[in-house]
Amino acid sequence: MSMATTTDTQSPALHVADSHDLIRVHGARENNLKDVSVEIPKRRLTVFTGVSGSGKSSLVFDTIAAESQRLINETYSAFVQGFMPTLARPEVDVLDGLTTAITVDQQRMGSDPRSTVGTATDANAMLRILFSRLGKPHIGPPGAYSFNVASVSASGGITVDRGTDKTKTEKVTFSRTGGMCTHCEGRGTVSDIDLTQLYDDSKSLSEDPFTIPTYTGGGWVVRVITESGFFDPDKPIREYTKKERHDFLYREPTKVKINGVNLTYEGLIPKIQKTFLSKDRESMQPHIRAFVDRAVTFTECPECDGTRLSELARSSRIGKVNIADACVMEIRDLAEWIRGLEEPSVAPLLTALQHTLDSFVEIGLGYLSLDRPSGTLSGGEAQRVKMIRHLGSSLTDVTYVFDEPTIGLHPHDIQRMNDLLLRLRDKGNTVLVVEHKPETIAIADHVVDLGPGAGTAGGTVCFEGTLEGLRASDTVTGRHLDDRASVKETVRKPTGTLEIRGATANNLQNVDVDIPLGVLTVVTGVAGSGKSSLIHGSIPAREGVVSVDQTAIRGSRRSNPATYTGLLEPIRKAFAKANGVKPALFSANSEGACPTCNGAGVVYTDLGMMAGVSTTCEECEGKRFEASVLEHHLGGRDISEVLAMSVTEAEEFFGAGEARTPAAHKILGHLADVGLGYLTLGQPLTTLSGGERQRLKLATHMGDKGGIYVLDEPTTGLHLADVEQLLGLLDRLVDTGKSVIVIEHHQAVMAHADWIIDLGPGAGHDGGRIVFEGTPADLVAARSTLTGEHLATYVGA
């Protein structure tokens with residue numbers, strides 16, 4: 001056997017295939033990007049920085065990741081593409097060197113009542129198979145342990161065709177065992193409707209007794225009830241007989257004829273359940289949501305004790321543990337239990353399940369349980385849950401795109417997240433991260449800084465290079481990278497206290513705490529220590545409490561800051577008054593809409609299986625209004641020109657002169673106060689970042705009469721330079737006599753607080769206790785908790 005020998009001792013020349021080591025972007029113009037051109041190294045960790053609204057997400061998500069996804073979709077057959085979302089090509093001249101992009105974003109997970117952490121990560125599916133193999137007594141296949149599968153049985157005759165005109169009827173019985181609790185239909189909670197919130201029983205139907213939204217006197221909903229023939233319209237509801245009361249509240253759908261029209265009458269309770277309770281609470285309009293909160297209480301299902309599972313599913317056990325017990329355990333405890341099972345017949349399944357559960361622990365989510373509803377996860381937790389599928393992936397040379405992965409993480413947990421990002425990179429992947437935290441920017445191989453400002457003042461690349469280069473550069477990020485807040489010398493004195501006694505929500509361990517009022521209070525602690533449970537669970541949503549949380553703003557591409565904040569109402573009235581016409585003319589969703597594009601400003605062309613195309617409407621040139629409306633002016637501007645203004649411009653415009661409108665000027669002042677002066681009034685809500693949406697919510701509540709403001713991580717999505725402005729806003733709120741309670745991990749906010757409440761010491765069952773109460777200076781001096789240590793390091797104590 002001969003061996004080939006090499007005489008050339010020099011290293012071989014670079015193979016041409018290895019020369020494609022850059023992702024090249026030329027001429028990107030998505031949203032506010034101004035012909036951006038960058039070169040991003042592959043198989044490295046690149047962090048994108050810049051102030052909120054500078055164009056980071058437009059470049060990373062809407063250009064690079066979107067084009068990669070679109071090209072992958074094009075590899076599928078036309079039939080498969082018909083079932084997928086159609087993606088238009090991003091506004092960019094050249095995109096070269098792309099690899100498959102996997103996007104891990106901050107979008108909240110679906111808040112369907114049946115969606116849990118276990119169902120979202122497939123851990124439940126594996127657990128169900130495990131119990132169907134090892135559970136004693138054996139009750140059936142995996143579906144018998146699922147709270148999404150109902151038990152069904154049926155019998156009847158089927159006709160079997162034997163050929164040559166012979167048919168035979170055979171009797172068939174069919175049954176399927178499911179694990180769903182029949183009482184709550186797998187939801188774990190049952191709703192109880194307060195009848196006093198639905199109608200005034202001293203009135204008759206003809207006296208308009210209903211207090212339900214949309215149930216107005218002359219409407220069809222009420223007419224069907226009044227004219228159904230089942231009730232005397234002049235008889236007070238409280239005098240109904242037992243049958244009339246049952247028909248009024250619970251009658252099954254029944255066909256009735258009113259004025260010659262066939263309609264369906266249904267009892268009030270099932271109708272309300274279908275109309276209001278089948279929808280996701282967050283997608284409801286504010287007045288509907290207020291009604292549901294007022295009229296409906298959700299209590300734990302008495303049949304299944306909130307486990308969602310039938311008694312049969314709970315009777316099957318492995319050792320002493322049934323599937324409900326397994327799902328309610330903290331994931332780190334469940335991982336230990338699985339590790340103790342030694343059963344060769346299901347070894348591959350145990351290995352896969354073990355790996356998934358260990359990934360939860362590794363990523364800092366060991367304190368969750370599999371039965372935790374996915375809609376209750378914070379944005380940061382949801383993003384980390386989505387990461388779990390990728391941690392053990394065998395794929396390499398993939399581009400992973402992260403949107404602020406440190407959101408919701410205590411400084412103690414950020415190091416763990418950094419290690420995970422570096423592990424993904426070291427497997428040969430390209431990792432792109434949009435981030436504001438200096439701790440994550442510090443581990444970057446390459447930094448791209450966008451800016452210099454936000455909105456139209458941004459959209460250009462200010463810096464590309466190393467971390468040292470960024471520090472030395474004269475960019476906003478470079479100048480603020482080493483900013484450190486100092487602990488307050490003097491703190492405000494509280495004007496009173498808000499007492500919380502015996503709080504036991506989720507992992508809280510009978511917590512008693514006095515929250516000082518009239519000051520800035522910061523509640524902190526590691527992720528999962530019980531901060532949100534304490535504040536959102538124990539401070540009642542009573543009169544005077546304004547809660548601004550991180551739930552997403554629901555809105556279509558027709559929604560914009562002007563419609564969301566109620567700003568458009570006074571503007572329309574001002575235009576109508578100045579021109580002597582109806583306010584409805586100045587709405588792109590009403591009479592003033594361009595007839596060609598129906599007020600959308602663009603015309604969408606569906607090209608079937610190919611990506612749809614949106615083109616600017618030729619009739620209105622993207623202005624959204626018909627030409628006759630644009631002839632009406634206020635202060636020399638038409639309505640489309642006003643919607644194209646930034647908040648700062650509009651504040652000046654409506655503040656003085658002919659266009660002076662105090663109601664509009666006040667709302668614009670609130671938007672400017674929360675740092676959104678760069679947003680244009682007509683910018684679609686769908687284009688706003690997570691941080692911008694939360695600050696938009698805060699602006700809408702600034703005028704509320706509330707005395708207590710509860711904010712949930714308001715620094716989310718904020719650049720280092722903007723945190724200072726936020727602290728100024730919080731100070732102004734407190735100085736006007738408000739009490740501000742902030743759940744926060746950012747050390748600058750902690751240092752600025754008057755009072756700190758620290759929960760811990762750990763997460764899940766290791767947390768849920770108060771480990772410190774006092775001033776930031778006392779916390780730094782004591783260094784008795786994880787938060788104290790990190791805050792002391794931050795302020796250089």
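Which residue forms a salt bridge with E362? I opened my notebook with that, and I kept in mind that the model is predicted.

**Entry 1: the answer.** I found that R423 is the partner of E362, with the closest N and O atoms 2.0 Å apart. A salt bridge here needs the nitrogen within 4 Å of the carboxyl oxygen, so this pair qualifies at 2.0 Å. I then looked up the count between domain 1 and domain 2, and 1 salt bridge is listed.

**Entry 2: where the domains are.** I noted that domain 1 is made of two stretches, 34–108 and 377–480. Domain 2 also comes in two stretches, 117–182 and 305–363. Their C-alpha centres lie 38 Å apart.

**Entry 3: how they touch.** I saw that 11 residues of domain 1 are in contact with 11 residues of domain 2. The area buried between the two domains is about 930 Å², and carbon and sulfur atoms give 65% of this. On the domain 1 side, V385, I388 and R389 lose the most area to domain 2, and together they make up 45% of what that side buries.

**Entry 4: polar contacts and helices.** I looked for polar contacts across this interface and found 1 residue pair, with both residues at pLDDT 80 or more. Next I checked which elements give two or more residues to the domain 1 side: they are α13 (379–391) and α14 (411–426). Of these, α13 gives the most, with 6 residues.

**Entry 5: what kind of residues.** I sorted the domain 1 side that touches domain 2, and I got 6 nonpolar, 1 polar and 4 charged residues.

Terms used: Residues are numbered from 1 along each chain as its sequence is written. This is a predicted model: local features need pLDDT of at least 70, side-chain atom pairs count only at pLDDT 80 or more; totals for chains, interfaces and linings use all residues. Side-chain values use heavy atoms; hydrogens and water are left out. Domain bounds come from an automatic or database domain assignment. Contact means heavy atoms within 4.5 Å. Buried area is the accessible area (1.4 Å probe) that two parts lose on being put together, summed over both. A salt bridge is a side-chain nitrogen of Lys or Arg within 4 Å of a carboxyl oxygen of Asp or Glu. A polar contact is a pair of N or O atoms within 3.5 Å; within protein, one must be able to donate a hydrogen and the other to accept it, and residues adjacent in sequence count only if both atoms are side-chain atoms. Helices (H or I, at least four residues) and strands (E, at least two) are DSSP runs, numbered from the N terminus. Ala, Val, Leu, Ile, Met, Phe, Trp, Tyr, Cys and Pro count as nonpolar, Asp, Glu, Lys and Arg as charged, and the others, Gly among them, as polar.
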